[in-house]
Amino acid sequence: MTSTLFTDHLAAWLVILPLLCAPVMVLLNRSKLVWLLNLVVSASCLIIALHILWDVSTGTVIHYAMGGWTPPWGIEYRIDGLNALVAVIVSAMATACAVYARKSVEQEISVHVHGLFYAAFQLCFLGLLGIALTGDIFNLFVFLEISSLASYALIAMGRNRKALNSAFHYLILGTLGATFFLIGVGLAFAATGTLNMADMALSLQDAANTPLLLTAFALIVVGVALKAAIYPLHLWLPGAYAYAPSVVSVFLAATATKVAIYVLIRCLFSVFEPDYMLDTFLPDILVVLGGVAILYGSLRAIYQEGMKKMLAYSSVAQIGYMVMGIGFLSAAGLTASLLHMFNHALMKGAMFMAVGLFVYRVNTATFDNLKGMGREMPYTFFAMVLAALSLVGVPGTVGFVSKWQLLQAALENRHWGMVMIILLGSLMAAIYVWKLIEVLYFQQPEKLRVQGVSSGSERIGRSPAGMVIALWVMALGCVYFGLDTDLSLHSAQYAVTELLQGRGN
Amino acid sequence: MTQNSILRTIAKFLLPIILLYAFYVQFHGDYSPGGGFQAGVIFSSAFLLYALVFGLDAAAKVMPDWVLSTVACLGVLLYAGTGIAGMVFGGEFLNYSTLASEPVAGQHLGIILIELGVGLTVASVMLIIFFTFARRIRTQ
């Protein structure tokens with residue numbers, strides 16, 4: 001019976017495990033124990049998510065009716081290739097963060113709130129997984145709120161006082177976005193009488209194009225765009241990423257905006273018909289905004305004086321690539337977006353992990369204090385260079401694969417201007433990445449730094465093994481998935497064909 | 001305020017009534033308007049009144065922090081546990097019909113347990129929020 005208890009309910013366990021372990025963590029509140037639990041739960045979720053991805057890649061769609069209430073009345077988890085791909089990205093990043101977290105959290109968060117910290121981390125993880133799995137649009141909103149509330153708390157735990165300010169800023173904008181989304185969902189519910197996404201799509205097919213529907217559509221898109229930090233709604237992102245604790249920066253940069261992009265794709269292509277979008281001028285807006293985001297984000301990144309802010313603005317630019325791919329409205333464009341979702345999670349995760357290591361050693365991530373640090377921390381530095389080359393899009397790295405796909409999509413649609421922007425974006429990325437490498441490797445340090453001194457049982461000035469291992473796994477992932485695109489490209493392509501085929505069962 | 005005998009007397013008189021009403025809203029929630037969330041808020045308001053009239057320290061003695069955070073966690077665990085119990089007995093997550101021999105009785109039992117979990121968590125989290133803010137003001 002125990003075996004069916006797990007195999008029949010795989011989809012549900014993915015959400016139940018983090019839900020169960022969050023309160024247990026608060027009760028335990030022992031740093032090492034909680035960290036271990038976090039690692040075990042995240043890794044189990046990764047295994048389950050991979051299993052689900054394997055299951056759905058044969059063409060089946062997993063349906064799970066929560067509480068036994070039959071859809072469309074009850075909440076249904078409906079998992080196809082796209083859902084599974086997002087769930088795998090989220091749980092893989094959570095696992096990598098869990099490996100990375102211990103020393104970094106020990107240094108940055110005071111001991112008595114470790115239980116609460118990891119619990120909030122699990123709740124954020126739970127929310128993101130829930131968004132990825134659910135087939136009910138109101139349930140999606142609830143999970144969106146769970147993950148957002150948890151991430152506000154996580155960001156506010158940053159050591160810098162500005163963390164509070166950034167968290168509050170994010171809270172205001174995030175709540176605005178969620179409210180827009182909720183009003184949109186409410187209007188769509190008024191128009192269709194259902195909250196189940198597949199069912200809503202069915203009734204939207206014959207629904208007349210009323211102002212009510214158009215308003216719902218606009219509100220949903222704007223709400224999600226705020227969450228996804230699509231230019232010009234990105235204002236919360238740089239502060240939130242820059243002042244959050246290192247682990248949180250890694251996790252949010254690698255997953256939170258990606259999941260919001262997934263919601264956008266789901267709403268545009270599964271709930272509302274792509275044809276519906278064609279009647280509006282949204283595709284053009286998305287393409288243009290994507291282009292502007294690439295230029296603006298890269299430009300701002302070049303002028304930053306701190307590593308975290310630079311990477312945050314670079315994220316704004318990278319989100320631009322994904323949005324542009326969606327705007328092309330073609331299979332190739334969508335594939336590029338999804339692929340970039342996965343690839344960007346890898347490279348930005350690795351970059352922020354490297355920053356976390358520098359912060360661990362120098363206590364700050366401003367360029368002034370990091371001069372010459374790359375020579376003192378060669379392992380960290382070279383892993384970071386691999387991820388940075390990905391960011392630029394050098395052949396042989398993941399960045400190249402997804403940008404190549406996006407370029408092809410742009411050429412296919414004859415968006416010559418966008419082709420130029422994509423290439424220009426890569427060039428600008430090369431500029432800010434070079435700036436980073438120059439500061440870290442070629443400039444002379446201004447102050448003396450502590451190196452490998454032993455004091456008691458601790459060695460000061462040495463990078464913790466767990467953090468370095470997690471960083472290298474991510475960095476090697478950047479290269480591996482750049483050379484062997486089988487898994488990532490195929491699951492992205494498969495998800496897109498399923499998405500465009502329409503909703504079948 | 002602690003010296004005002006009218007306030008103290010009225011508060012002492014009201015406290016059991018508020019608590020009793022909270023329990024009514026909690027356990028009659030499956031038949032009438034109410035449920036765990038509302039009951040939790042009403043329940044916590046009794047302690048709020050106590051804290052306002054008799055002072056924070058007295059209230060913290062009745063409801064220490066560790067009790068509050070433990071109860072908040074137990075509430076969530078009760079909720080999730082009920083859901084898993086539904087799975088163990090052969091239904092889906094949160095399917096209460098399988099909890100008893102008869103579906104209706106199972107639904108009844110399930111919703112009471114779920115709402116109890118919600119009530120425990122809401123009551124304790126409301127108090128945690130109150131204590132957190134109240135202490136900040138006092139230290140300033």
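Into which domains is chain A divided? In this predicted model, chain A comprises domain 1 (7–280) and domain 2 (314–449 + 470–505). The centres of domain 1 and domain 2 of chain A, taken over C-alpha atoms, are separated by 22 Å. Domain 1 of chain A contributes 40 residues to the contact, and domain 2 of chain A contributes 31 residues.

H11(A) gives the most, with 15 residues. By residue type, the side of domain 1 of chain A that touches domain 2 of chain A holds 27 nonpolar, ten polar and three charged residues.

Chain B presents a helix pair. Two packed helices are described by the angle between their axes and the distance between the axes. Helix H1 (residues 5–27) and helix H2 (residues 36–54) of chain B pack at about 165°, and their axes lie 8 Å apart. Angles over 145 degrees count as roughly antiparallel, so H1(B) and H2(B) are roughly antiparallel to each other. Their crossing is left-handed.

Residues from both helices build this contact. From H1(B) come, among them, Leu7(B), Ala11(B), Leu14(B), Ile18(B), Ala22(B) and Val25(B). H2(B) supplies residues including Ala39(B), Ile42(B), Phe43(B), Ala46(B), Leu49(B) and Val53(B). Arg8(B), Tyr21(B) and Gln26(B) in H1(B) also take part, as do Gln38(B), Ser45(B) and Tyr50(B) in H2(B). The contact of H1(B) with H2(B) comprises 16 nonpolar, four polar and one charged residue.

Key:
Residues numbered from 1 in each chain as written. Chains lettered and ligands numbered in written order. Predicted model: local features only at pLDDT ≥ 70, side-chain atom pairs only at ≥ 80, totals over all residues. Domains from an automatic or database assignment. Contact = placed C-beta atoms within 7 Å. Helix = DSSP H or I, 4+ residues; strand = E, 2+ residues; numbered from the N terminus. Nonpolar A, V, L, I, M, F, W, Y, C, P; charged D, E, K, R; others polar. Axes fitted to C-alpha atoms, helices over the stretch in contact; angles between N-to-C directions. Parallel < 35°, antiparallel > 145°, perpendicular 65-115°, else oblique. Left-handed = near helix turned anticlockwise from the far one by under 90°.
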